[in-house]
Amino acid sequence: MSERKIKCLVVDDEPMALRLIESYAKKTPFLELRAACSNAFEALEILEDENIDLIFLDIQMPELTGVELSKTLSKNTRVIFTTAFNEYAIEGFKADALDYLLKPFSFDEFYNSALRAKEWFALVRSQSAAKPETDFLFVKADYKQVKIKFEEILYFEGVRDYIKVALSDNKRSVLTRMNLKSLEAELPESRFMRIHRSFIVNLDKIESIERSQVIIANQRITVADQYKERFQEFVRGNSIE
């Protein structure tokens with residue numbers, strides 16, 4: 001299976017800069033551009049729903065600066081700052097950025113910076129892979145912690161502030177108060193994939209794929225546009241030509 005791409009955002013309030021950096025990200029084969037945002041608040045909306053690995057982030061923006069936005073991020077989301085002002089370099093590195101790009105920068109400069117990020121993520125993932133992987137999780141339901149083996153799970157469905165865990169015996173499901181974004185960060189990527197804003201599926205349980213839908217235990221789940229590229233990459237990596 002091919003290596004997972006780095007999910008990234010581009011955030012810049014200058015339209016020309018935003019379009020240019022967006023084009024650079026699309027040309028970089030190991031990046032998966034999730035969105036190009038014209039301000040920090042657009043980025044925050046996406047971050048509420050998705051686990052983003054890397055943000056190419058302008059520093060000087062109105063209302064909420066790039067540095068201020070970076071302070072709200074989880075430890076799993078890293079930043080490469082982009083700015084036209086050299087004096088912000090120290091401020092950027094104080095915010096624990098992976099790198100700093102001074103505008104205007106070429107595609108080669110962008111690519112080399114992205115490559116450094118790729119190396120950092122590869123190191124983190126190799127350290128994580130060295131840890132023994134469990135084959136179960138605990139979820140809080142009915143005032144107790146319920147142990148569920150991964151092999152029993154068909155899919156997770158987000159229902160408002162809850163998650164329904166559909167199980168393979170097809171007779172029961174478990175309802176737990178949690179959001180899909182938090183859950184996705186805890187699940188092994190080799191076994192589970194988010195294919196819709198409301199669904200994370202167990203890849204081993206997919207019985208067939210018809211057009212833009214996966215079939216799991218007679219349940220049809222649509223692969224949403226924003227998740228198609230990654231899902232198609234998974235399918236290609238596991239297909240016999």
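A strand, in what follows, is a DSSP run of E of at least two residues, a helix is a run of H or I of at least four, and each kind is numbered from the N terminus. That is the naming used for this structure, which is a predicted model.

Ala217 sits in the loop between β14, residues 213–216, and β15, residues 219–222. Asn218 is not a glycine either, and has a positive phi of about 70°. How do the two stand towards the outside? Ala217 has a relative accessibility of 23%, so it counts as partly exposed. Asn218 has a relative accessible area of 73%, and because the cut-off for exposed is over 50%, Asn218 is exposed.

As an example, Ile6 has Leu31 in β2 as its bridge partner.

Now some loops that follow strands or helices. Lys103 is found in the loop between β5 and α5, the helix of residues 107–129. Is Lys103 buried or exposed? With 15% relative accessibility, Lys103 counts as buried, because the cut-off for buried is under 20%. Its side chain meets the side chain of Asp12 in a polar contact of 2.5 Å. The peptide bond from Lys103 to Pro104 is cis, with omega near -5°. Pro104 is likewise placed in the loop between β5 and α5.

Gln60 belongs to the loop between β3 and α3, which is residues 66–70. Gln60 is partly exposed, at 39% relative accessibility. Gln60 and Thr83 are 23 residues apart along the chain, and 7.0 Å separates their C-alpha atoms.

Glu50 is in the loop between α2 and β3, residues 54–58. Glu50 has a relative accessible area of 5%, so it is buried. The side chain of Glu50 makes a polar contact of 3.0 Å with the side chain of Arg34.

How many cavities of 30 Å³ or more does a search of the whole structure find? The search finds one. The largest cavity has a volume of about 50 Å³. Its lining consists of Lys7, Glu32, Arg34, Glu184, Met193, Arg194, Tyr227 and Arg230. At least two lining residues come from each of β2, residues 31–37, β11, and α7, residues 225–237. By type, the lining has six charged residues, two nonpolar and no polar ones.

On to the antiparallel sheet. This is an open sheet of five strands, paired antiparallel, in the order β10-β9-β8-β12-β11. Its edge strands are β10, residues 173–177, and β11, residues 192–196, and each pairs on one side only. The twist averages 20° from one strand to the next. Strands β9 and β10 share five antiparallel bridges. Across from Leu175 in β10 stands Lys164. Which residues of β10 lie on its covered face? Val174 and Thr176 do, while Ser173, Leu175 and Arg177 make up the uncovered face. Further along, β8 and β12, residues 199–202, run antiparallel and are joined by three bridges. Phe156 has Ile200 in β12 as its bridge partner.

Last, the second largest pocket. Its volume is about 230 Å³. The lining numbers 15 residues, and those lying nearest the centre are Asp49, Arg160, Asn179, Leu180 and Arg194. Arg194 is also among the residues that line the largest cavity.

Methods
Residues numbered from 1 in each chain as written. Predicted model: local features only at pLDDT ≥ 70, side-chain atom pairs only at ≥ 80, totals over all residues. Heavy atoms only, no water. 1 Å grid on protein atoms, 1.4 Å probe; cavity = no way out; pocket = protein on both sides within 12 Å on 5 of 7 lines; lining within 4 Å. Points joined across faces, edges and corners; volume = space filled by probe spheres on them. Pairing = 2+ DSSP bridges. Axes fitted to C-alpha atoms, helices over the stretch in contact; angles between N-to-C directions. Buried < 20%, exposed > 50% of the residue type's maximum accessible area, 1.4 Å probe, protein only. Polar contact = N/O pair within 3.5 Å; in protein donor to acceptor, adjacent residues only side chain to side chain. Nonpolar A, V, L, I, M, F, W, Y, C, P; charged D, E, K, R; others polar.
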